[in-house]
Amino acid sequence: MQLTQLLRNSVGRKLIMAVSGLLVTGFVVSHLLGNLALFAGQEAFNLYAAQLQQLGPLLWLFRLGLAGTLLLHVFFGIWLTLQNRAAKPTGYAINRIRSTNLAAKTMVFTGMALLLFLIGHLLHFTFRRIGLPPELAHDAGGTLDVFDMVTLSFQQGFPVLLYAGAMLALFLHLGHGLGSALQTLGACNDKFLPGVRKGGFIVALALLLGYVSIPVLTFFGFVTP
Ligand code: HEM
């Protein structure tokens, strides 16, 4: 299928949503695996952070790719939502499938919450403009110890609550989105559909538990700066 054809029909647009969603999920999984190094201690976590920085131009290429993929996902998500609203009550074939549970009904809202979280998260840990405890804030422009930055941040209740809330949104979004994406890509027929949906839910749950463990266990003193 040519690109113009892909964009012109709603199934093509849904395909773009599915592929971009799965690519971003790939990042979310690898980001969690990297972040879990926090539980291995200061040295291991800072080594992981330093190795990422050493990727240099490759890191920037990756960032650009990720940002572009995310933008595609958001843009087509909004487009498809508006299109579905306009087409109701009939909708189109793929979208008519039992979209009735909470996760399915709130996809746009959890998606928007995640976008807001991501902006805040980048301002927090990448650009270091917000959410840093006072003892670190004055170093934010220089070379901060990444382990201290994360652990000291999560000794404050408010960031922990915000991160936990965002991870709940991530769980709802992926709990529905992963199964939906695989279904769009034709990875399952009616027989396998429940299994694929359950698999998506389990991956989303594992991501929720993994991500939430970082702020919560740090807050309760299992990881100390
Ligand atoms: C407890 C949860 C999380 C922790 C502790 C965490 C930690 C971090 C840290 C420390 C950085 C900065 C790395 C550095 O500049 O050295 C970072 C960057 C980033 N995080 Fe997270 N993160 C979490 C959740 C998430 C989630 C759920 C997403 C996506 C939805 C995400 C997306 C990103 C992105 C896109 C970057 C920028 C990567 C880059 O600079 O190349 N993070 N995160």
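Guide: Happy to; we can begin with the ligand and then turn to a few other spots. Keep in mind that this is a predicted model.

Visitor: Okay! Which residues coordinate the iron atom of the ligand?

Guide: That would be H31 and H121, each through its NE2 atom, at 1.9 to 2.1 Å.

Visitor: And where do H31 and H121 lie?

Guide: H31 is part of helix α2, residues 10-35, while H121 belongs to helix α6, residues 107-126. The two histidines are 90 residues apart in sequence, so as a pair they tie those separate parts together.

Visitor: What is the geometry of the site of the iron atom?

Guide: The site is octahedral: there are six donor atoms, with angles of 88 to 179° among them. For comparison, ideal angles for six octahedral donors are 90 or 180 degrees.

Visitor: Is H121 buried or exposed?

Guide: H121 is buried, because its relative accessible area is 15% and the cut-off for buried is under 20%. H31, at 21%, counts as partly exposed.

Visitor: Let's look around the ligand. How many residues surround it?

Guide: The ligand has 21 residues around it, and the closest are H31, N35, R63, H121 and Y211.

Visitor: What sort of residues are in that shell, by class?

Guide: There are 14 nonpolar residues, five polar ones and two charged ones.

Visitor: How far is the polar side-chain atom of R63 from an oxygen atom of the ligand?

Guide: That distance is 2.7 Å. On the nitrogen side, a polar side-chain atom of H121 is 2.8 Å from a nitrogen atom of the ligand. For N35, an N or O atom of the side chain is 3.4 Å from a ligand nitrogen.

Visitor: Which elements give two or more residues to the shell?

Guide: They are α2, α4 (57-87), α6, α8 (146-153), α9 (157-184) and α10 (193-219). Helix α6 has the largest share, with six residues.

Visitor: New topic: where is R128 found?

Guide: R128 sits in the loop between α6 and α7 (134-137). Its phi is near 55°, which is a positive value in a residue other than glycine.

Visitor: One last spot. What about A50, where does that lie?

Guide: A50 is in helix α3, residues 42-53, and is partly exposed at 33% relative accessibility.

Visitor: And how far apart are A50 and T151?

Guide: In sequence they are 101 residues apart, and in space 17 Å, taken from C-alpha to C-alpha.

Visitor: Great, thanks for the tour!

Note on methods. Residues are numbered from 1 along each chain as its sequence is written. This is a predicted model: local features need pLDDT of at least 70, side-chain atom pairs count only at pLDDT 80 or more; totals for chains, interfaces and linings use all residues. Side-chain values use heavy atoms; hydrogens and water are left out. Donors are N, O and S atoms within 2.8 Å of the metal (3.2 Å for Na, K and Ca); water is not among the atoms, so sites may look incomplete. Four donors count as tetrahedral if all angles lie between 85 and 135 degrees; four count as square planar and six as octahedral if opposite donors are over 155 degrees apart and all others between 65 and 115; anything else is irregular. Helices (H or I, at least four residues) and strands (E, at least two) are DSSP runs, numbered from the N terminus. Buried means under 20% relative accessible area, exposed over 50%, partly exposed in between (1.4 Å probe, protein chains only). A residue is near a molecule or strand if one of its heavy atoms lies within 4 Å of it. A polar contact is a pair of N or O atoms within 3.5 Å; within protein, one must be able to donate a hydrogen and the other to accept it, and residues adjacent in sequence count only if both atoms are side-chain atoms. Ala, Val, Leu, Ile, Met, Phe, Trp, Tyr, Cys and Pro count as nonpolar, Asp, Glu, Lys and Arg as charged, and the others, Gly among them, as polar.
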